[in-house]
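Hello,

Here is the structure I promised to pass on. My notes follow below it.

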Amino acid sequence: MNIRQLLEERVSRALAAAGAPAPALVQHAARPEFGDYQANGVMAAAKTAKTNPRQLAQAVLEHLDLSDLAERVEIAGPGFINIRLRDDWLAQQLAAAAADSKLGVRPVAEPQTVVVDYSGPNLAKEMHVGHLRSTIIGDAVVRVLEFLGHKVIRQNHVGDWGTQFGMLIAYMVRQRAEGKTDVSTQLADLEAFYREAKQLYDSDQAFAAEARDYVVRLQSGDAECLALWKTFIDESMRHCEEVYQRLNVTLTPADVKPESAYNDDLPVLVAELREKGLLTESEGAQCVFLPEFIGKDDKPLPIIVQKSDGGYLYATTDLAAIRHRVGRLKADRILYFVDARQSLHLRQVFAVARAAGWAPESVSLEHLAFGTMMGEDGKPFKTRTGGTVKLIDLLDEAEQRALRLVSEKNPELSEEQRREVASAVGIGAVKYADLSKNRTSDYIFNWDHMLSFDGNTAPYMQYAYTRIRSIFRRGELDGKTDGSIILAEPAERALGLKLIQFEEALLTVATECVPHVLCGYLYDLAGAFMSFYEACPVLKAEEPARSSRLALCGLTAATIQTGLDLLGIRVVEQM
RNA sequence: GCCCUGGUAGCUCAGCGGAUAGAGCAACCGCCUCCUAAGCGGUAGGUCGCAGGUUCAAUUCCUGCCCAGGGCGCCA
C-alpha cells in the first residue's frame with residue numbers, strides 16, 4: 001500500500017476538476033497537528049491559474065471525496081490541504097499487510113531489467129575499506145530492486161587485467177624458484193605479496209624487465225603465463241568470496257564478469273568506432289573527441305580508446321561492458337556504484353556509448369558516486385604503516401568489539417549465541433554506518449564511528465526486533481496473529497502509520513538508489529515501536545487490545561526483519 | 001585555468017521549493033518490585049559558509065565569492 005501515491009492521484013484529480021491541473025505534491029505532514037499527509041500543490045496551481053490559493057483549495061475540496069480513508073481534510077495556512085487518515089481504514093490496511101508475505105508491498109507495474117555494476121575490486125590487491133561503500137550500497141539497492149519485482153543482473157566488474165599482473169606473475173615465479181610452491185600460503189596476505197613485488201619491481205632492474213616480459217606474454221595469450229595468471233586470480237577471488245560471505249553480500253562467482261572477459265571485444269569495438277566516424281588519431285593514440293568535453297586551454301579533451309602502442313585502456317573495457325549490457329543483457333537501466341573520482345571518466349564513457357549507438361536514450365546510465373575514504377587528518381586514508389585497512393581486519397575488529405559488548409550486556413547467553421550476536425551486530429554496525437549516509441563527498445574513516453553500537457545504528461533495530469521476539473517467547477506464541485487491529489493509543493497509531501509507509505520508502509530507494517532512506521525509515525519505525533513498547537503493555541493488556549497489539553508487534557518484527565535483510569543486515573532472536 | 005562534489009547544533013549526519021530546520025553522539029535532569037535500560041521521557045544547543053537575485057514562500061533554485069576534497073591524453 002502506497003498512501004502517498006494514492007493521495008497524490010486523488011488530490012491531483014481534484015485539482016484538475018477544480019480547473020487548475022497541477023501535481024498535488026503530497027508529502028508526510030510536517031507536524032502531527034497537521035495530520036498525516038499534506039498536499040502542497042494548491043499554492044503553485046493558484047499562482048498559475050491566477051486565483052486565490054485558499055479559494056482554490058476550497059474548490060479542490062469540493063471535488064475531493066476522501067471520506068473512505070480520511071477522517072479530516074482541511075485547509076490550513078496559505079493553502080495547504082492537511083489530511084488525517086481514519087483509524088479504522090489504517091487498521092484495515094495493516095491487517096492486509098500482516099496477512100501478506102510481502103507485507104503489503106506491491107510489485108512495480110513495469111518491471112525493468114537493471115544491470116548493477118558494484119564492488120569491482122582489483123584482484124591485484126586485497127579488498128580494503130575503500131571497497132566497502134560500492135559493495136554494500138550496491139548490494140542493498142540490488143536487494144530492494146529485486147524485492148520490488150525488477151529483474152536485476154549483478155555485474156562484478158573485477159580488475160583482473162593490466163600491467164601490474166605481469167609484476168605479480170614474475171614475483172610468483174621467483175617465489176617458486178625459491179621453493180615456495182603453495183599458492184594459498186604465498187598469497188595468504190595478498191597485500192604483503194603485492195607490496196613485496198612492487199618493492200622488487202622498483203629496486204631490481206632485472207626483475208622489472210621480467211615483469212614487463214610477462215605482461216607481453218600474458219597479452220599475447222602465452223599458455224603457461226595464462227595458467228600462472230589464472231592461479232593468481234583464482235586465489236585472489238577466493239579472498240573476495242570470503243569477504244562477501246562475512247559481509248552478507250549476495251554476490252556470487254556467477255556474478256563476476258571480469259575485465260579480461262572483454263579482451264576479444266576490444267579490437268571489434270575500436271573498429272566499430274572507426275566505421276561510425278568517431279575515431280581520430282592524435283599523437284599516435286586512437287581517440288574520440290566529443291564537443292562536450294573540453295580540457296585545459298580550451299583544447300578538446302580526448303577519450304583515448306587505444307594507446308599509441310596498440311594497448312587498450314579501461315575506457316575501452318567499460319565501453320565494451322556497456323555494449324554487452326545493452327546488447328546481450330537487454331538492460332533498461334545500468335547502475336554504477338563507483339568512486340566519485342571516476343565521475344569524468346564515466347561521463348565520457350556514457351557519452352561515447354550514446355554517440356556510438358551502443359546505449360540508446362531509452363537506456364538509463366547512472367553513476368551513483370560516493371566519496372573517497374579519508375584519514376582523521378583529512379588526507380587520503382593510510383594506516384600507521386602506510387598501508388590500507390584491509391576489509392577483513394575491519395570485520396574482525398567489529399566482531400571482537402561486538403562480542404565484548406554482548407558478553408557484558410547479556411552474560412547469560414551461551415558462547416555460541418554470543419558469537420552469533422557479535423557477528424550480526426558487529427557486521428551490521430559496519431554496514432549501517434555506511435548505508436545510513438547519502439554522502440557523495442569524501443568521508444573520514446574512524447573506528448569508533450564505524451563500530452558504534454549506540455543510537456541510530458543497526459543494533460538499535462536489531463534490539464527492537466529481539467524485544468518483540470521476547471514478547472512472543474514469553475507469551476508462548478508462535479508469532480502468528482489473527483486478531484484484528486485497533487488503533488486506540490497515540491503510540492499505536494503512530495506505529496501503525498509508520499508500518500504502512502514501508503512501500504513508500506522502498507520506492508524512493510529504488511528510483512534514487514539511496515539506501516539511507518531505508519535506514520531512516522527503519523530507524524523511525526524502530527523508534528515508534530520503542531515508544532509503543534514503553535507506553536502499551538502487550539501481554540498484560542485486556543482483549544481485544546492484547547491481540548491487536550500482538551498483531552502490531554508481529555508486523556513490526558516482520559517489517560524490521562525484511563527491511564534489515566534488504567540492507568544485508570541479519571537479525572537475532574536474543575541479544 | 002576549467003569541471004565535479006560538499007560546507008546545516010561542539011562532533012557525525014538527515015532534510016533540498018512550503019507552515020516553529022530534525023536525529024544520533026557528547027552535556028544536563030528524570031525513569032528498571034513491570035513483556036531485555038543496547039531502552040524511554042525531558043532540558044540545553046543553529047546568523048543552514050558569505051553576498052546578491054528569482055518566488056506568495058529559499059537551508060532547498062540561480063549568479064558571484066570564500067573554504068575543503070576530488071578530477072582534467074595514452075595507469076585503473
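**Packing around helix α21**

Helix α18 (residues 490-499) packs against helix α21 (residues 545-566) at an angle of about 35°, and their axes lie 11 Å apart. This is a predicted model: local features need pLDDT of at least 70, side-chain atom pairs count only at pLDDT 80 or more, and totals for chains, interfaces and linings use all residues. Residues are numbered from 1 along each chain as its sequence is written, and side-chain values use heavy atoms, without hydrogens and water.

Helices are DSSP runs (H or I, at least four residues), and strands are too (E, at least two), numbered from the N terminus. Axes are lines fitted to C-alpha atoms, for helices over the stretch in contact, with angles from 0 to 180 degrees between N-to-C directions.

From α18, the contact uses E492, L495, G496 and L499; from α21, it uses R549, L552, L555, T556 and T559. Contact means heavy atoms within 4.5 Å.

Helix α17 (residues 458-474) also packs with α21, at about 145° with axes 9 Å apart. On the α17 side, the contact includes M461, Y465 and F472; on the α21 side, it includes L550, G554 and L564.

**The site of K390**

K390 sits in the loop between β12 (373-374) and α14 (391-409). Is K390 buried or exposed? K390 counts as buried because its relative accessibility is 15%; the cut-offs are under 20% for buried and over 50% for exposed, with partly exposed in between (1.4 Å probe, protein chains only). Leaving out residues up to four places away in sequence, K390 touches E126, M127, H128, D189 and E191.

Best wishes

Technical notes:
Chains lettered and ligands numbered in written order.
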